[in-house]
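Good morning, everyone. Please take a moment with the sequence and the model before I walk you through them.

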Amino acid sequence: MKKLLLAGAALAAFAFSSAAPASAEYMKEHRGGTMRILAHAAAGTVDPHINYTLQYWQIYQSLYDGLIAFQKAGGPEGFTKVPDIAEEFPKPTNDGKTYVFKIRKGIKFSNGQELGVKDVVASFQRIFKVSSPTAGGFYSVIVGADKCIKDPKTCTLEGGVVGDEAASTVTINLIRPDAEIFDKLALPHAAILPADSPTTDVGSVPLPGTGAYMMSAYDPNKGMTLTRNPNFKVWSEMAQPDGYPDVVQYDFGPTEEAQVTAVQNGEADWMFDEAPADRLAEMGTKNKDQVHVTPLTAWWYLPMNNKLAPFDNIKARQAVNFAIDRKALVNLFGGPVLASPVCQVLPPGFPGHVDYCPYTKDPGAKWSAPDMEKAKKLVEESGTKGQKVTIIVEDKTVAKSIGVYLQSVLNELGYVAELKPISPDIQFTYIQNTKNNVQISVTQWYQDYPAASDFLNILFGSGSYTPGSDSSINISGYTNKELDEKIQKALALGVTDQEAANKIWSEVDKTVTDDSAAAAMFTPKHLDFTSKRLGNFQFNYQFYWMVTQSWVQ
Amino acid sequence: MTALIFFILILASCLSAPLYANWAGVNPFTSTLDATIMLDGKQTAVMEQSTEGLGLGYNPIGPTWQLGNYFLGADNQGRDVMARLLYGGWTSIIIASGATILTLLFATVLGLTAGFFGGVTDMILSRILDILWAFPVYLLAISLSIVMIAHGIDIGPFTIESGSLWLPVFIIGVIYIPYVARPIRGQVLSLRESEFVLAAISLGVPSHRILFRDILPNVTTTLIVFVPLMMALNMLTESALSFLSIGVQPPDASWGTIIQDGQGLLYSRPWVALAPGIAIVITVLALNVLGDGLRDALDPRSKVKLGRG
C-alpha cells in the first residue's frame, strides 16, 4: 500500500494495517458514538443517480451499492473492483458484449424491502429516466440506451438490461465491448435503488439504499444525518463493510476558517472543504498529527482554445507551456507537500503514465525550470505577439491567484492579458461552451474511475467536443483524427490486453502533450484535517476518506 | 478644515504611488513570487515556504515597517502591499470622483427638467427615478456589474471595454442618480414657485434662461454639498464591488481588491486587508466630515435632507 500518511505513528499504524477495514476486534472496541463532520454548503440533490460531486459520492459509499463496487480499502487498493450486489464478476460472452450478473439474495433496502432482479432492471432504466449526467457518456454503451437518451420517459432498455427472476440474474448487453464497464457499474450513478423509486430527481428526499447506513435526515440548508441501516447485514467486507460510528452528523454552513477552528477545538471531526492557505502552516505545525496528505489522480491544467487565436497556433500554446513556472504554481497551491509539477496529462502512477516533460529548461522526464527565452522566441515566431488574451478563472482563492500569476506571465510574453474571475458555480460550464469564445482558463480534472480514457478520451477525444454546448468537456477544442483512432484502438484492446492498451495510452498522452493541447500545471494532493479523537483514518484512492471506517470512540 | 487637510494628504499620498513604486523598485501589478529583499542585512524571500512541521503553506512576508522595503509586507503574489495601497487609493479616488461627476451631471439635468417643467415631464422623469431608486442600491450595482463585466458596454458610439475602469464609474454613477436628482427636483419645485422666478416667467423670460440664470445658481450650493458626500458613498460602493470581483479587475488595484486579496491571508498576514480597510475608513470619514462642514458653511438652514425620500 503506497500511502503518504503525514500523521502520528499510531494513526499510521492503523492505516497501514487495515486490509480488512471493519475487523471484529476493532469493531468491538470502537463501535458507536456520533461523528461530526462539516462542509461550507450542501452539494445539491441527494439523488445518487444525478448528483455528480465528490462531496456526496464520498457519503454514498456507505449508503448505496451497485452490481460492482470499488473495494472499501485504504490506498490504491481502493481502485480494485469487487462484486457487490452481484455474486461474482461475470465472464463476458458474445465477444465481450454480454455480461450475466447473478444477484445476491437476502440483501434488504433500508425501508425493509428485499432487493430483487426487478430493482436492478428498474435502476438501470432510472439512470436514463432521470437523465443522469453520465447517462450519455458512461452508459450509452448499453443496448437500447440511444432510444432512452432520445426519450427518457419511456426508457425500457429493451434488449440492453434483461432480468430473469427465476434464475435471479440480470443480463447486460452492450453495443460494443467496453473494457471499463465494471468501473462504470461501480459508480454511484449505477447504484441499485428500489424499483418504485420516483423517476424524477428526488431533490432533498433521500432514497432508500442497501448500505450500512441510511440518510435519516437531510436539509440542504442545515445538514444531513446518517444512521445505521436497521436491515443491513454484511455480505462482503470488501464491498460494503459495517461502519464504526452509530451516527454521522454532517453540518453545512461554517466557513473554511471556522471549520479549521472547529476541528482544532474538537468540536468537529473532519472538514470537507480545502483548508484556507493562511492556516496551512499552523495546521502543519501545531496540528501535524491531525493532518493527512494523500496523492490524488487528478490534474490542474490550462485549457487553451485550439480553435481560437492566439492559441490556434501551436507555437503560442507551446510558449505558454515553456513560460509557466510550475514550481511557483505548486507554491500557490500550498507548496510541494500538496502538489507536484507535471507537463503531461496522465497523473503519476496512473495506468499508461510514463514520465515525460518536453516543456522545461532541460527537456526530459521531469520538469525542472521554465524557459522564458524559448517561450518568447516561440511567441515571436507565431506572430501572435500583442494579441489580447482573456483568462477565465473560478472566483476562488487558489484559482484566482493562479490566474493573476498567469496574467503576469502572458503579459511578459508580449500578450495583453486580462483576467476574468467568475462564479465557481458557472465557470466550469462557461469555459466549455464555445459560444463564450474562451481563449484560456484555469481548471482541474479529478478522475471518475482509474482508467487512462477518463483523462485522455474524455478531455481530448473529438467525441467530447460539442460546439455550442455547456457539456463540451474537451475544453481545448483539440481534435485529431489520428489520435481518435489510437484512442479507439486502446479502448478496444483494453478488453483483452490492458498492458498493451496502456502502451497505446502512453503514446496518446505524449501526442497530446507534444501538441500542447493544454498546459499541464501540477498534480494535487489531498489534505484531510481530522480531530484528535478520530481514529483509523483511511484514504481510499477512488472515493477519498472512508467516513464510516473511522471511529470516534 | 482638518477633514480637508486629511483628504488632501491622502490624495497627495496616492498621487505619489508611481514615485513610491519607482523608489522601492517594485512593480505592484506583476507577480514576483521569487523576489527577495534585504532585511536586517540578510537576503530574505518575499514568499516564504513553511519549513516547520509538515512544511505546509506558502506565505508572503509580513510588514517590515521599513518605507520602500515592503513596508506593509507582500500579498499572495509577492507584490508590495504599500505600493498597491497607494495605487489602489488613486484608483478608488478616480472612480469615486468620476462617478460623482456623472451622478451630479445627470441628476442636475433630470432634477431641473422635472422640477421646472412639471406636468407630464415631471411625472415621467419622477417615475423613472422612483423605479431606479426602488431597487436596493447594492443589488442593482452588483446585477449591472455582473452583466457588464463579461462584455462591457457597447451602445452605438458609446463603448466601454469589460476591464476598463470606466465601467465601475458608469455603473456607480448611474445607480446614484435618483439619490441626488430627487432632492434637486424638490428644491427646483420650491424655487419654481418663488417670486423672482414667477416674475421672470411673467416678464416672458425664456425657460432656458430662467433655468440657467435663476434656478441653477440656487441649487449649486446643494450640489457642492453633495460632492464630498457622494465621493464617500461612491468609494464605499466601489470597494464593495471590487471586493466581490465585479469592480476593478486584476491586476489593477483598488482598496476593495486589496481587501479581497487580504481576505485569504487574514489569519497570518492581517495587514494586507487591514491597511486598505483603515484607508477607506479614514478617507470616507474625512469626506463625510468635509461634506457636513460644507453644508454648514454653505447652507446654514440645512434645508437639504439627504437619504431616501
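First, a term. Helices and strands here are DSSP runs, numbered from the N terminus; a helix needs at least four residues, a strand at least two. With that, look at Pro310(A). It sits in the loop between strand S12 (298-303) and helix H9 (314-323) of chain A. A cis peptide bond joins Ala309(A) to Pro310(A), with omega about 0°. And please remember that this is a predicted model.

Chain B has a cis bond to show as well. It joins Pro250(B) and Pro251(B), and omega is about 10°. Pro251(B) falls in the loop between helix H9 (207-243) and helix H10 (255-263) of chain B.

Next, backbone angles. Ser168(A) is not a glycine, yet its phi is positive, about 55°. You will find Ser168(A) in the loop between strand S5 (161-164) and strand S6 (169-173) of chain A. Is Ser168(A) buried, exposed or partly exposed? It has 16 C-beta neighbours inside 10 Å, so it counts as partly exposed.

Now Ser516(A). Its phi is also positive, near 50°, and again the residue is other than glycine. Ser516(A) lies in the loop between helix H16 (498-514) and strand S18 (518-529) of chain A. Buried or exposed? Ser516(A) has 27 other C-beta atoms within 10 Å, so it is buried. The cut-off for buried is 20 or more.

On to Ile127(A). This residue belongs to helix H4 (residues 117-129) of chain A. Ile127(A) is buried, because 26 other C-beta atoms lie within 10 Å. What does Ile127(A) touch, beyond residues up to four places away in sequence? The answer is His49(A), Ser132(A), Ala135(A), Tyr139(A), His189(A) and Ala190(A). Take His49(A). It is 78 residues from Ile127(A) along the chain, yet their C-alpha atoms are separated by 5.9 Å.

Now the core. In soluble globular proteins, nonpolar side chains tend to be buried together. Here the largest nonpolar core holds 246 residues. Which of them touch the most other members? They are Leu302(A), Leu329(A), Leu456(A) and Val180(B). H3(B) supplies the largest share of this core, 18 residues.

Let's zoom in on Leu302(A). Set aside neighbours within four places in sequence. Its contacts are then Val320(A), Leu406(A), Ile440(A), Ser441(A), Val442(A), Ala518(A), Ala519(A) and Met521(A).

Back to H3(B), and its partner H2(B). Helix H2 (residues 17-24) and helix H3 (residues 81-117) of chain B pack at an angle of about 165°, with their axes 9 Å apart. Angles over 145 degrees count as roughly antiparallel. H2(B) and H3(B) are therefore roughly antiparallel to each other. Their crossing is left-handed. Who makes the contact? From H2(B), Ala17(B), Tyr20(B), Ala21(B) and Ala24(B); from H3(B), Ala83(B), Leu86(B), Tyr87(B) and Trp90(B). By class, that contact has eight nonpolar residues, no polar and no charged.

Last stop: where the chains meet. Chain A puts in 30 residues and chain B 28 residues. On the chain A side, four elements each supply at least two residues: helix H8 (277-286), helix H10 (326-333), helix H12 (397-413) and strand S15 (416-422). Which gives the most? H8(A) does, with eight residues. By class, this side of chain A has 14 nonpolar, nine polar and seven charged residues.

That's the tour. Thank you.

Definitions and conventions: Residues are numbered from 1 along each chain as its sequence is written. Chains are lettered from A and ligands numbered from 1 in the order in which they are written. This is a predicted model: local features need pLDDT of at least 70, side-chain atom pairs count only at pLDDT 80 or more; totals for chains, interfaces and linings use all residues. Two residues are in contact if their C-beta atoms, placed from the backbone, lie within 7 Å. Ala, Val, Leu, Ile, Met, Phe, Trp, Tyr, Cys and Pro count as nonpolar, Asp, Glu, Lys and Arg as charged, and the others, Gly among them, as polar. Axes are lines fitted to C-alpha atoms, for helices over the stretch in contact, and angles run from 0 to 180 degrees between N-to-C directions. Angles under 35 degrees count as roughly parallel, over 145 as roughly antiparallel, 65 to 115 as roughly perpendicular and the rest as oblique. A crossing is left-handed if the near helix is turned anticlockwise from the far one by less than a right angle, and right-handed if clockwise. A nonpolar core is a set of buried Ala, Val, Leu, Ile, Met, Phe, Trp, Tyr and Cys residues joined through C-beta atoms within 7 Å. A residue is buried if 20 or more other C-beta atoms lie within 10 Å of its own, exposed if 12 or fewer, and partly exposed in between; C-beta atoms are placed from the backbone.
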